[in-house]
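Colleague: I am new to this structure and would like a short tour. Could you take me through it?

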Amino acid sequence: MKSYKNKVIILGIIYFAAVIFFGLFTGVIGVDTKRDAEVIKLNGISYDAEKCWDNINELEKNDYDVNYIILDTMGKTLYSSDPDHEDMKKESVENAIKEGYPYRDITSGGRLLGYVVIYPDGMSDYDSMRLWLTVGLIIIGVIIIVGASVFGAYVKRSIYTPFQNMERFAGRIAEGNLDDPLTMDKNNMFGAFTESFDIMREELRASKERETALQKREKELVASLSHDLKTPITGIKLTCELLAAKLEAEHGSEDVENKIDTIYKKADQIDVLVNDLFSSALTDLGEFTVDLADESSKVLSEIVEKYDDKNLVMSASVPEVLIHADTKRMSQVIGNIIANSYKYAGTQIDVNYRIVDEYLEMSISDHGPGVPQDELELITNKFYRGKKWRESKAEGSGLGLYIAKTLMEKMDGELIPESDGNGFTVILMIPLS
């Protein structure tokens with residue numbers, strides 16, 4: 001609509017400039033034409049006056065279509081084409097020269113007899129026609145501009161503005177904002193559509209609320225089931241430990257011990273998966289919390305030692321500093337990372353530390369096949385497993401690194417995966433106190 005307004009203004013300027021040019025051009029032509037006509041009439045009147053000078057009143061037989069007077073050399077009025085015109089009786093050559101009235105000498109044989117002066121009798125027919133035509137053009141131009149402006153205002157109010165409102169409304173809907181209603185106006189052609197669109201918004205909002213409620217109940221169910229599964233799994237593991245202890249005391253069968261060990265390992269795998277699933281469900285529900293406190297950095301070495309069941313970790317000495325973290329959650333993070341290395345690499349694991357700005361950097365590196373560069377940014381997504389990992393026989397849910405990264409972010413730290421083709425490294429940026 002701004003473009004339309006500018007076009008109307010430009011059109012108006014061009015139109016009125018053309019009218020002004022028309023007035024000036026026709027005025028110049030009119031002046032030249034009028035001057036030529038006056039010269040012809042002056043010549044005719046002076047010629048006839050010379051012929052009948054002795055009986056000047058005979059001029060009334062001729063119609064020159066102008067008002068004029070005949071003066072003698074003393075300025076006395078000898079004849080007037082309009083005897084009732086009082087101003088013409090007072091006319092003089094001096095005044096004609098002063099006012100610019102057309103006049104001419106009347107001579108005979110080189111002797112000056114008098115003067116003929118054409119008295120302005122108002123606007124000529126040409127000037128009158130030109131004036132009315134100019135005024136008419138101006139009026140037509142004003143009508144066109146006003147009409148275009150009124151039409152533009154109508155289009156803006158009835159079409160453009162409602163369409164813009166619907167466009168903005170559609171944008172808000174696309175962004176997921178279903179709370180702002182669409183103002184209804186039945187006085188424009190979009191009235192029925194606005195009502196239908198707002199009904200659609202209400203239905204979408206209700207549908208979204210139902211979907212959100214269902215998703216929440218689903219996550220709550222997963223969290224509840226995960227929590228309930230931990231109890232029997234813990235019972236299975238304790239029973240296996242008890243049976244293994246009894247068999248060892250009684251020198252039982254090695255085959256039975258292996259089966260008990262297998263049951264324990266499978267229960268332990270299920271326990272890890274249930275823990276990850278439970279943590280993921282708590283994260284989605286917004287109930288996954290951390291309890292930050294100042295801890296000695298030595299706790300990191302203790303956590304590594306706790307999860308190094310296969311004695312594959314070669315750990316450097318940790319700088320003696322205070323870290324600001326949740327020990328329980330850090331244990332979960334480091335445990336997931338070491339478990340992944342056991343599962344997918346099975347090689348020596350190097351753990352190194354260094355101070356970087358306000359963080360203690362802890363790097364955990366294995367020497368396995370590594371992760372392709374195009375997958376590095378994806379492996380911390382929920383349920384994502386790399387192509388090599390999917391093709392391997394190792395079981396996994398794709399939640400370990402996702403949970404580890406989520407926990408690090410909640411502890412104001414950061415988890416950075418790296419791979420150079422000669423292994424896989426996870427860098428933990430742990431905030432210092």
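Predicted model: local features only at pLDDT ≥ 70, side-chain atom pairs only at ≥ 80, totals over all residues.

Colleague: How many bridges join β1 to β2?

Modeller: Three bridges join these strands, and β1 and β2 run antiparallel. They form a hairpin with four residues between them. In the turn, Gly-75 has a positive phi of about 90 degrees.

Colleague: And which residue of β4 does Tyr-68 stand opposite?

Modeller: Tyr-68 stands opposite Ile-118 in β4. Strand β4 covers residues 111-119 and is joined to β1 by six bridges, again in an antiparallel arrangement.

Colleague: Which way do the residues of β1 point?

Modeller: Asn-67, Ile-69 and Leu-71 point one way, whereas Tyr-68, Ile-70 and Asp-72 point the other way. All of them are buried.

Colleague: On to aromatics. How many aromatic pairs does a search of the whole structure find?

Modeller: The search finds one aromatic pair. The ring centres of Tyr-68 and Tyr-79 are 5.9 Å apart and the planes are at 40 degrees, so the pair counts as tilted. It links strand β1 to strand β2, with the two residues 11 apart.

Colleague: What sits over the ring of Tyr-342?

Modeller: The charged end of Lys-310 does, 5.0 Å from the ring centre.

Colleague: A change of topic: is Phe-424 buried or exposed?

Modeller: Phe-424 has 8% relative accessibility, so it counts as buried. Phe-424 lies in strand β11 and touches several residues, including Ile-364, Val-371, Leu-376 and Pro-417.

How values were computed. Residues numbered from 1 in each chain as written. Heavy atoms only, no water. Phe/Tyr/Trp six-rings, centres within 6.5 Å; stacked < 30°, edge-to-face > 60°. Lys NZ or Arg CZ within 6 Å of the ring centre and 35° of its normal. Buried < 20%, exposed > 50% of the residue type's maximum accessible area, 1.4 Å probe, protein only. Contact = heavy atoms within 4.5 Å. Pairing = 2+ DSSP bridges. Lists of a residue's contacts leave out its neighbours within four places in sequence.
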